[in-house]
Amino acid sequence: MHTTATRIAVAAILVLAGCGDGRGPGPAPDEAVVVIGAIADVQSWNPFLSESQFTDWLLQVVYPKLAIEQTDYRDHPPSFEPALASEWSWSEDGLELTLVLQPDARWSDGIPITADDVVFSLEVAGSEDIGWYAADVAASLTHVEAVDEHTVRVRFSRRDPYAFMRVNDTPIVPAHAWGDVPVSTWYDVDWSDRVIAGGPFRMVRHVPRQEIVLEPNPGYWRPDHPRLDRVVFRIVPSKTALLNQLLAGGIDFMYGIPPTDARLVAESPDLDLVSFPDRSYTHVVWNLGYGPLEDVRVRRALAMAVDRQALIAAVYRGDAELSSGPVLSTMWAFNDELEPPPYDPEAAKRLLAEAGWIDADGDGVREREGNELRLELLAPSESEDRQDIARMVATDLERVGVRAEPRFQEWGTVVARLESRDFEAVVNRWVEPTRVELREVWHSAAPGAPTLNYAGYANPSVDRLIEEMERLPDLEAQRELVDRVQELIVEDQPYLFLVETRKLAALSTRIRDADVNDASPFFNLDEWWVSTAP
Amino acid sequence: MGVDRTVTRQILRRLAMLVPTVWLVATLTFVVVQAVPGSYADAIDHPRMTPAMRDAVRTRWGLDRPVHEQYALWLRAIATGDLGTSYVTRRPVSETLARALPPTLLLAGTALALDLLLGVLLAVAAARRPYGRVDRLLTVLGLGLYGLPSFWVAGLAVLVFAVGLGWFPASHMYSIGADRLAAGHRFVDLLHHLVLPACCLGVVGAAGTARYLRASLLDLRDARFVTGLRARGIPERRITWLHTLRPALAPVVTLLGLSLPVLVGGSVVIESIFSWPGMGNVLLTAAQARDVPVIMAITVLGATAVVVGNLVADVAYAIVDPRAREAE
């Protein structure tokens, strides 16, 4: 009896197994399709309601931007290439910006993209009902008007070297379709029904938690672009599963390969591994209100005790740079004459002794006035590399007589503890914008004011320099002040600056002309094409 | 007749306990979720989030209110059947769950059927000659499989059958481009995607089912009615399938009843490994993002399923094994 059942079951499984090569029906052979693996789903199809970076990146190929910020921030403040705005000019006093739009640009429903869309987008960007993360664009605007169908004039209250960058951060959304939805109700609207693309791609299908399918927007202004027929985002909630599918050939592109898996990708003949600086630095933020850490000698000693080169070799397989100060070494504004504390455990021990921390009882931990030199070293449990860093830093500190206890908690908990300053030391990471903005993290905020200055750093000279810097309309003039701020912060060591990390991405070798960079993995998705050559 | 009344009373008593039990579980979950420092606003991992924006998010969702107020609001909403709005998608939670339930039912239902079918076959095969070669082999394999963590089994299955042999897809419910297939082909595509996750859930389950069933089959081997049947010259196979299997199934029925929560709650591990868009997948992402309304809704649903599952198990137990009725 059961042998019959077994036979049927085996037959059924064999039939199903024969249904394909494990990848299903797939695209027609003459179609240029790229499959991108994504760890998360799109949060909202309205770019102003996004709180996720993946959503930002994805919607940047659906909703147009006025210009494309280039990744040349190493050499000078970033430059821009025309996008929806084919040209722009500034008035003599530097307070008025005139933008001329592409005459042929159309929304995916065939309606032309006009100055009204730009005016509408800049207006909603600053709305308090929305609370968009780049809403500060509105603060400096005094007037936005549509001069004619394709010309927009924007007036600013003061000269700001980043004015264009701020305006350009604003995605352009369809006024004709979204204008009648009161902004106060935007959070209640199902935007997946209202996607009207103006960028290179339009959304043709979105199955939550499964896939997103994009096809070319016929109204895109660049002739013969995009060059792909279809882009499919497959949503896979586990990084391991994503990597498996990448290696099996089920997906063509994956962003954010863990450094430990880089070798697997590099060894695959069908994949290219791309590595680029991710514009972030990982550091230990000290709570300067925690007794032992109030003393700059202790902070310098801790910095000298940590072998950052060994850390880069072990945690990042050598694929990372040393971080020395608050401005990334890849930025035009980096002060390359900084003198960060060298790795010198013996000097660290002497400095700690000088500060009064001595291991009198011989238990391996220094003490002063009966208190042991110990601290909790917190790291987010979601981040493997930061946990490894916490362990390595703790071991290095142990060698100079400091007991650091690594503890791993959820990211949300870590943030809550940082904000309430209920911590001693946290392995944290800042992702830096391409503009030099030092106020949020380094200016001593008024007590109780929301701030990213988790360390509680307060140096009146730094405060003054930051305020002075912000009053200067020109980045070259700011340069000297930025240099000085970096020197002061490196002297004070409110952070243990560790590493500037890199991001890894894997691409199928059949994808051509992809420029995957720190601005977005889909930076030039409209230029990607696939080679049919084997 | 009297027996039926006992069963009915049992059912009614269990049903009366449903609401307080679910309330207790949900309240405990609420307390645990709130006891962890930080909230959805803190868990947002966007490089441009500032403390002021996190404050705005807290205000928008009422996360800045005292916990007892948040609890009262949640309780009032849930009492009227309002599951709330997801912080992440800003869509009604009911909409998310309504979309996630069918895939979970399909996957868990298939797995359960496989569990039962395979479990019975293996148990009968093992019990035919206790401590014989087949039995010992099945014991070793079964215990080994039952003891392995499911993420490991699933990972291995993907590596062998999807990555290595390429027989089955490694994830998702449908292939790329399946939306353009005819309904019949689309269904086959779905079955094709169902095989690996359903087997990972079902085969491991079957190993457990077979262990229990084998034990109860062996218990009945020397029962007086079995000896009587044997004396009448009825073949062993007929005795097993027609006479001992039903009473032996009693403990298995309890096991199956207890697996009802997985049926509606989904398997977090299997669904996330196979990118299956079900309840387990939803729960995992909600927990990572501290999307409390979604976590609470799934908890309430899961707790209800546990209570109902227990009830179903008891009733079914009473049906397969008359002794359970008399015990009342």
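The predicted model scores ipTM 0.84 and pTM 0.88. For chain B, the mean pLDDT is 85, and 96% of the residues of this chain reach 70 or more.

Chains A and B touch each other: 57 residues of chain B are in contact with 54 residues of chain A. On the chain B side, at least two residues each are supplied by helix 2 (40-43), helix 3 (51-61), helix 5 (93-128), helix 7 (150-164), helix 8, helix 13 (268-273) and helix 14 (279-289). By residue class, the side of chain B that touches chain A consists of 32 nonpolar, 15 polar and ten charged residues.

In soluble globular proteins, nonpolar side chains tend to be buried together. In the present model, the largest nonpolar core has 128 residues. Within this core, the residues with the most contacts are A:Val231, B:Ala123 and B:Leu196. Helix 8 of chain B (residues 183-221) contributes the largest share of the core, namely 13 residues. Another core, of 94 residues, lies apart from the largest one and includes A:Leu351, A:Leu397, A:Val490 and B:Val22. The surroundings of B:Leu196 can be described individually. Leaving aside residues up to four places away in sequence, B:Leu196 touches B:Ala157, B:Val158, B:Phe161, B:Ala162, B:Phe168 and B:Phe274.

Backbone geometry was also examined. Most residues other than glycine have a negative phi, and most peptide bonds are trans. Against this background, the peptide bond from A:His225 to A:Pro226 is cis, with omega near -10°. A:Pro226 belongs to the loop that runs between strand 9 (211-216) and strand 10 (230-235) of chain A.

B:Arg90 is located in the loop between helix 4 (67-79) and helix 5 of chain B, whereas the loop between helix 13 and helix 14 of chain B holds B:Ser275. Their surroundings were classified by counting C-beta atoms. B:Arg90 counts as partly exposed because it has 19 C-beta neighbours inside 10 Å, and a residue is buried only if 20 or more lie within that distance. B:Ser275 has 26 other C-beta atoms within 10 Å and is therefore buried.

Note on methods
Residues numbered from 1 in each chain as written. Chains lettered and ligands numbered in written order. Predicted model: local features only at pLDDT ≥ 70, side-chain atom pairs only at ≥ 80, totals over all residues. Core = buried A, V, L, I, M, F, W, Y, C linked by C-beta atoms within 7 Å. Buried ≥ 20, exposed ≤ 12 C-beta atoms within 10 Å, placed from the backbone. Helix = DSSP H or I, 4+ residues; strand = E, 2+ residues; numbered from the N terminus. Contact = placed C-beta atoms within 7 Å. pLDDT = per-residue confidence, 0-100. Nonpolar A, V, L, I, M, F, W, Y, C, P; charged D, E, K, R; others polar.
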